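Please keep the sequence and the structure open while I talk.

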Amino acid sequence: MINLILFGPPGSGKGTQATNLVEKYNLLHISTGDLFRSEIGNKTPLGLEAKSYMDKGALVPDEVTIGMLKKKVQENPDVKGYIFDGFPRTIPQAEALDAMLMANSQEITSLVALDVDDEEIVKRLLNRAKTSGRSDDADESIIRNRLSVYKETTAIVAGHYEKKDKTHTVNGVGGIDEVFGRLAEVIDRSLVA
Ligand code: AMP
């Protein structure tokens, strides 16, 4: 199996690139943000709980997030592998993911991080808000909060996988195809390693 973590701050292009990577590597794309938005759309209790955090740009508690992720993985056992997008965002989430994969004799193949600077992120998300309808994209102070959470809590997840020599960073600024080429290059290299 190929188990990729697509990593990077909000607005770094993870969702866009995941769509292309799914096609090339034939993997199941699991975005915890998308799963939460679908729960919110269906007005489930989980969705209602998640919304209160997402509206502030804060992280949904680990227990809720890990439970939802595990359920999605268990519902889709017969796949060639997964692209985890927006997960793991904390060390406990990374540890839960590692343990879950290990229980099936699997592991993370590679974490690929998209590097994009803060000002570019703010510009991209404010622009995305015009079409995404996402309230967490429309307000600059919420965007800046999401960026702080990324730096304070999430960025160390890259270090967790760096210790296992699995972290790779690519420049996330450029055309969609250009960035995709950079990602495919490091993923292909990690597949033969
Ligand atoms: P995203 O679509 O990945 O930008 O996520 C949107 C929001 O959903 C985040 O700002 C968090 O509030 C929540 N969220 C998504 N994934 C996670 C996660 N792995 N852990 C905690 N909260 C998450």
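Which of the 16 residues around the ligand come nearest? They are Thr32, Arg37, Ala58, Gly86 and Gln93, where a residue is counted as near a molecule or strand if one of its heavy atoms lies within 4 Å of it.

Before I go further, a word on what we are looking at: this is a predicted model, in which local features need pLDDT of at least 70 and side-chain atom pairs count only at pLDDT 80 or more, while totals for chains, interfaces and linings use all residues. Residues are numbered from 1 along each chain as its sequence is written, and side-chain values use heavy atoms, with hydrogens and water left out.

From the backbone, an N or O atom of Val60 lies 3.0 Å from a nitrogen atom of the ligand, and a polar backbone atom of Gly86 is 2.9 Å from a ligand nitrogen. From a side chain, Gln93 places a polar atom 2.9 Å from a nitrogen atom of the ligand. On its own the ligand has 480 Å² of accessible area, and the protein covers 96% of that; these areas come from the Shrake-Rupley method with a 1.4 Å probe, and for residues only the protein chains shown count as cover.

Where does the ligand sit? It sits in the largest pocket. A pocket here is an open set of points, on a 1 Å grid over the protein atoms alone, with protein on both sides within 12 Å along at least five of seven lines, whereas a cavity is a set of points where a 1.4 Å probe fits but cannot get out, and lining residues have an atom within 4 Å of a point. To sit in one, a molecule must have more than half of its atoms within 2 Å of the grid points.

As for the composition of the shell around the ligand, its residues divide into 6 nonpolar, 5 polar and 5 charged; Ala, Val, Leu, Ile, Met, Phe, Trp, Tyr, Cys and Pro count as nonpolar, Asp, Glu, Lys and Arg as charged, and the others, Gly among them, as polar. Helix H2, residues 32-41, gives the most to this shell, with 4 residues; helices (H or I, at least four residues) and strands (E, at least two) are DSSP runs numbered from the N terminus.

Ser31 lies in strand E2, residues 28-31, and its side chain reaches the backbone nitrogen of Asp34 at 2.9 Å. Ser31 counts as buried because its relative accessibility is 8%, with buried meaning under 20% relative accessible area, exposed over 50%, and partly exposed in between, for a 1.4 Å probe and protein chains only. Leu35, found in helix H2, is likewise buried, at 19%, and its C-alpha is 8.9 Å from that of Lys72, 37 residues away in sequence.

In helix H3, residues 45-54, we find Lys51, which is partly exposed at 34% relative accessibility.

Now to the backbone geometry. Most residues other than glycine have a negative phi, and most peptide bonds are trans. Which bond is cis? The one from Phe87 to Pro88, with omega near -5°, and Pro88 is placed in the loop between strand E3 (81-85) and helix H5 (91-102). Ser105, in the loop between H5 and strand E4 (110-115), has a positive phi near 55° and is exposed, at 69%.

Finally, consider the loop between helix H9 (156-162) and strand E5 (167-171), which holds Asp165. Asp165 has a positive phi of about 60° although it is not a glycine, and it is exposed, with a relative accessible area of 64%. Lys166 is found in this loop too, but Lys166 is buried, at 13%, and its side chain reaches the backbone oxygen of Ile108 at 3.0 Å.

Key: A polar contact is a pair of N or O atoms within 3.5 Å; within protein, one must be able to donate a hydrogen and the other to accept it, and residues adjacent in sequence count only if both atoms are side-chain atoms.
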